[in-house]
Amino acid sequence: MAVRAAAQSSSSSSFAGARISAKAAGSSARRAAIAAQAKIGDTLEEFLLEATPDPKLRQLMMSMSEAIRTIAYKVRTASCGGTACVNSFGDEQLAVDMLADKLLFEALRYSGCCKLACSEEVPEPLDLGGSGFSVAFDPLDGSSIVDTNFSVGTIFGVWPGDELTGITGRQQAAAGMGIYGPRTIFCIALKDAPGCHEFLLQVGGAAWVGGWGGGRGREWAGPVRLWEGLGYTLRYTGGMVPDVFQIIVKEKGVFTNVISPSTKAKLRLLFEVAPLALLVEKAGGASSCDGLCVSGLDVVVDKHDQRTQICYGSVGEVRRFEEYMYGSSPRFSEVEANA
């Protein structure tokens, strides 16, 4: 059955909360936003035909959307109880994790467009027999909060060729996430198409928001107090997909997950950080990765289980984050944060 997808009015997001000093940059961004505006009512297939001339990339994205539509149904109906299974990282897997993982591998295999694929649950790349692209995915980010009825989601990145190490997020051909909440949203970005786009998958001026997780040390209390002192509102669900998607939809805000002496890096660069960085930056935002004041798209993936720390948000807020945490923000020295 063909997947129907209704383009949302916010299909091309442009983060507020930051002002670029150069007027030319501002006008360029406005032109890009206009060019990226999808037509409400377009199907995903119609949008992809305009967005990319590559038939294999179109087929792969359609296959992922169909898998995500099916996962949405499974999330609503599958068991959320723990199992005796653990993945090779030692993380306990839930029944719904494994269902999502299986569905995505099957969708990629039958697309004929995927050479290698790996996931958080199966981190060793599998040869799926296709050609054109390789895909890394987190099948169900936030699966531990399914039983509390929070939104959860799928994250994926698409790289050309047959390598999933020695690459960076900037080399992605596309990235996306599926958000399973009251509605099932397919949010995607393509390297060669402007903007970040969202589609409603049929299954069978906002307030500033912030989400910060992972930091328990005293050094992390400072930036939290800084944002709270500016009147910002905490919105943290415990799931990265809904928290990051929230700042894309609201067009402002910040999400952080950093390390401290008592907290090790948790997020995986290949499966989570790089794909979401492409989505956020295509929407007009920024990212700061690895404690190095660099984009999450520029950190080299040396191994599949490589973990890191990250900040996503509007450009001005990422600048504020880097200045507070590391003393300076060279990339964004000409950007002003609107407090």
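This is a predicted model: local features need pLDDT of at least 70, side-chain atom pairs count only at pLDDT 80 or more; totals for chains, interfaces and linings use all residues.
Figure 1. Residues are numbered from 1 along each chain as its sequence is written, and side-chain values use heavy atoms, with hydrogens and water left out. Phenylalanine 199, at 0% relative accessibility, likewise counts as buried. The structure holds 5 aromatic pairs, a pair being rings of Phe, Tyr or Trp (its six-membered ring) whose centres lie within 6.5 Å, with planes under 30 degrees apart counted as stacked, over 60 as edge-to-face and the rest as tilted. The rings of phenylalanine 47 and phenylalanine 199 form a tilted pair, because their centres are 5.3 Å apart and their planes stand at 50 degrees. This pair links distant parts of the chain, since phenylalanine 47 belongs to helix 2 (residues 44-51) and phenylalanine 199 to strand 11 (residues 197-201), 152 residues apart.

**Figure 2. Phenylalanine 255 and tyrosine 312 form a stacked pair, because their ring centres are 6.3 Å apart and their planes are at 25 degrees.** Here too the pair links distant parts of the chain, with phenylalanine 255 in strand 14 (residues 254-257) and tyrosine 312 in strand 18 (residues 310-313), 57 residues apart. Phenylalanine 255 counts as buried at 3% relative accessibility, and tyrosine 312 is buried with a relative accessible area of 0%.

**Figure 3. Helix 2 has the buried residues Leu44, Phe47, Leu48 and Ala51.** These residues cover an arc of only 100 degrees around the axis, and they therefore lie on the same side of helix 2; the arc is that of the directions from the helix axis to the C-beta atoms. Leu49 and Glu50, on the other side of helix 2, are exposed.

**Figure 4. Strand 5 (residues 114-119) pairs with strand 7 (residues 133-141) in the parallel sense over 5 bridges, and with strand 6 (residues 126-127) in the antiparallel sense over 2 bridges.** Two strands pair if DSSP finds at least two bridges between them. Leucine 116 has a bridge partner in each of these neighbours, namely serine 134 in strand 7 and aspartate 127 in strand 6. Strand 5 is joined to strand 6 by a hairpin through 6 residues. Strand 5 is mostly covered, with 5 of its 6 residues buried.

**Figure 5. Proline 242 lies in helix 6 (residues 240-250).** With a relative accessibility of 11%, proline 242 counts as buried. When its neighbours within four places in sequence are left aside, proline 242 is in contact with Ser151 and Thr237, where contact means heavy atoms within 4.5 Å.

Figure 6. Helices (H or I, at least four residues) and strands (E, at least two) are DSSP runs, numbered from the N terminus. Of the 339 residues in the chain, 54% are buried. The accessible surface of the chain comes to about 14,200 Å², and 52% of this belongs to carbon and sulfur atoms; accessible areas come from the Shrake-Rupley method with a 1.4 Å probe, and for residues only the protein chains shown count as cover.

Methods
Buried means under 20% relative accessible area, exposed over 50%, partly exposed in between (1.4 Å probe, protein chains only).
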